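Dear colleague,

Please find below the structure that I am handing over to you. My notes on it come after the model.

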Amino acid sequence: MTAAATIRIQEADFDIAREIAGLTKGRTDIGAVVSFSGICRGGEGDERIAALTLEHYPGMAEAEIARHAERAMARWPLTGLTVVHRVGRIVPGENIVLVLTASQHRQAAFQAAEFLMDYLKANAPFWKRQESADGENWVEARDHDDEAAARWTQS
Amino acid sequence: MKVKYFAWVRERVGKSEEMVEPPPDVKTVADLMAWLVKRSEAYAHAFETPRVIRAAVDHTHVKSDTLIAGAREIAFFPPMTGG
């Protein structure tokens, strides 16, 4: 069965167990589900974070995630794929992003989940604004996120 | 064409989107940035380091030498920090 990707951008939190159940319900062709959750950290080194506010580019964000979902499905034999990305204000401990990949065997699911997260970090149009004791500032992109995405074009 | 701005580019420009009609000699994404910069201090501030600004034409990432003829929506934003 060919996978159809579920892609959602929402302010509300998501329930990982419910998302997995939605992906696997009634299916007997799935032998592995890999789940990645990105969670808001409470700090980085000595710096405490009060909250993150995520902004996105409506329309392009969905399109960009869909493009990467298609690439993942073309590259690995996936039987299911879910990406949920939250926007708005998120406090430490809360979920930010969910990637679920399903396949008959674990290797494809593990690799596709990692590929998707690396590409989303570097290419999906979302921006984090951080609230801390020093005020508010935009989170700076990290070079290693671009490098993480680039390694998938080499292997 | 519609131009959209996100994150700190949006804050510095002072608006999230606008309609613009650049002259015919504005042919590429880089030309459009250079043309916007001449409008005011706010745009000059937003685009003061052009190499860090990313662009998209009709929801697709593009390089700065991309031609803008026929584009409906062009967006400028900083490097992405989602996920």
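The paragraphs below set out the conventions, then the contact, the core and the sheets.

The model is predicted: local features need pLDDT of at least 70 and side-chain atom pairs count only at pLDDT 80 or more, while totals for chains, interfaces and linings use all residues. Residues are numbered from 1 along each chain as its sequence is written, and chains are lettered from A and ligands numbered from 1 in the order in which they are written.

**Contact between the chains**

Chain A brings 22 residues to the contact and chain B brings 14 residues; two residues are in contact if their C-beta atoms, placed from the backbone, lie within 7 Å. On the side of chain A that touches chain B, at least two residues each come from strand S4 (47-56), helix H2 (60-75), helix H3 (106-123) and strand S8 (126-132) of chain A. Helices (H or I, at least four residues) and strands (E, at least two) are DSSP runs, numbered from the N terminus. H3(A) gives the most to this side, with 5 residues. By class, the side of chain A that touches chain B has 15 nonpolar, 4 polar and 3 charged residues. Here Ala, Val, Leu, Ile, Met, Phe, Trp, Tyr, Cys and Pro count as nonpolar, Asp, Glu, Lys and Arg as charged, and the others, Gly among them, as polar.

**Nonpolar core**

The largest nonpolar core has 51 residues, of which Ala112(A), Leu116(A) and Ala75(B) touch the most other members. The largest share of this core, 10 residues, comes from H3(A). Such a core is a set of buried Ala, Val, Leu, Ile, Met, Phe, Trp, Tyr and Cys residues joined through C-beta atoms within 7 Å. A residue is buried if 20 or more other C-beta atoms lie within 10 Å of its own, exposed if 12 or fewer, and partly exposed in between, with C-beta atoms placed from the backbone. Leaving aside neighbours within four places in sequence, Ala112(A) is in contact with Ala72(A), Trp76(A), Leu78(A) and Thr101(A).

**Sheet in chain A**

In chain A, 4 strands form an open sheet of mixed pairing in the order S1-S5-S7-S2; two strands pair if DSSP finds at least two bridges between them. S1 and strand S2 (32-39) of chain A are the edge strands, each pairing on one side only. Strand S5 (residues 78-86) of chain A is largely enclosed by the rest of the structure, because 9 of its 9 residues are buried. S5(A) runs parallel to strand S1 (residues 5-10) of chain A, with 6 bridges, and Ala5(A) stands opposite Leu81(A). With strand S7 (residues 95-103) of chain A, S5(A) pairs in the antiparallel sense over 7 bridges; Thr82(A) has Leu100(A) as its bridge partner. S2(A) and S7(A) run antiparallel and are joined by 8 bridges, and Ser35(A) also stands opposite Leu100(A). Helix H1 (residues 16-24) of chain A packs on the sheet, touching S2, S5 and S7 of chain A, and its direction makes about 25° with that of S7(A). Axes are lines fitted to C-alpha atoms, for helices over the stretch in contact, and angles run from 0 to 180 degrees between N-to-C directions.

**Sheet in chain B**

Chain B has an open sheet of 5 strands in the order S2-S1-S5-S3-S4, with mixed pairing. Strand S1 (residues 2-5) and strand S5 (residues 73-77) of chain B run parallel, joined by 4 bridges; the partner of Tyr5(B) in S5(B) is Phe76(B).

With kind regards
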